[in-house]
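User: Please go through the assignments for this structure and set each one against its criterion.

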Amino acid sequence: LISSVLLKLNLDQNSLLFDMGCGDGRWMIQASMMSGCRCIGCDLDEKRLQIATENIEAHKLSGKIKIYREDVFKFASESKDLSYADVIVLYLFRDSLKQIENILFDRFKCHQTDQTRLNKAEIDVEGCDQGRIDDETKHLWIICVGFPLTCWKPHWHTVFSGLRVYLYSISSVHLT
């Protein structure tokens, strides 16, 4: 499932994936192994973060993947690094997903598009607050696992072993 979704995104070593509620890190690990992309994840569950840390270290991806123990709502609302995201993974409960959707919609001043990626920020995981030009049009993919977003129509969706996955193609003019 994860590989088939990630293949649709044309990620590369300059791409940045954010995983909101990263759990054991499987989306970030698979993305980084497949494309060499950088990843940032956040979660509050200490046990899941410990498992993620162990998995990341076992795959020798500590230089590509960073995880934080932080509330996803606070992270989505306040992280400057989010403006560099090429992909955001949301694997959350329905109520949480709605709250994150509202935050992302407000922050990204989004509109939906069928365009391909227009620009990529060339940044380092540990230096994510540099180099973005606020006026550039940036393409963003949002992956939702389990439940759909209500503000946007999915670009693509599938059901895998009873689990629904939605892919949204978003063009953002400016992050607030």
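User: How much space lies in the largest pocket?

Analyst: This is a predicted model, in which local features need pLDDT of at least 70, side-chain atom pairs count only at pLDDT 80 or more, and totals for chains, interfaces and linings use all residues. Residues are numbered from 1 along each chain as its sequence is written, and side-chain values use heavy atoms, with hydrogens and water left out. The largest pocket holds about 180 Å³ of space, a volume being the space filled by probe spheres set on grid points joined across faces, edges and corners.

User: What makes a set of points a pocket, and which residues line the largest pocket?

Analyst: On a 1 Å grid over the protein atoms alone, a pocket is an open set with protein on both sides within 12 Å along at least five of seven lines, whereas a cavity is a set of points where a 1.4 Å probe fits but cannot get out; lining residues have an atom within 4 Å of a point. The lining consists of Asp19, Gly21, Cys22, Gly23, Asp24, Arg26, Trp27, Asp43, Arg48, Val89 and Tyr91. It divides into 4 nonpolar, 2 polar and 5 charged residues; Ala, Val, Leu, Ile, Met, Phe, Trp, Tyr, Cys and Pro count as nonpolar, Asp, Glu, Lys and Arg as charged, and the others, Gly among them, as polar.

User: Why is Cys22 called buried?

Analyst: Cys22 has a relative accessible area of 5%, and buried means under 20%, exposed over 50% and partly exposed in between (1.4 Å probe, protein chains only). Cys22 is therefore buried. Cys39, at 0%, is buried as well.

User: What makes Lys153 exposed, and where is its place in the chain?

Analyst: Lys153 has 62% relative accessibility, so this residue counts as exposed. Its place is in the loop between β6 (138-145) and β7 (156-160). Lys153 and Tyr166 are 13 residues apart in sequence and 9.2 Å apart in space, C-alpha to C-alpha.

User: How many helices and strands does the protein chain have?

Analyst: There are 5 helices and 8 strands, taken as DSSP runs numbered from the N terminus (helices H or I, at least four residues; strands E, at least two).
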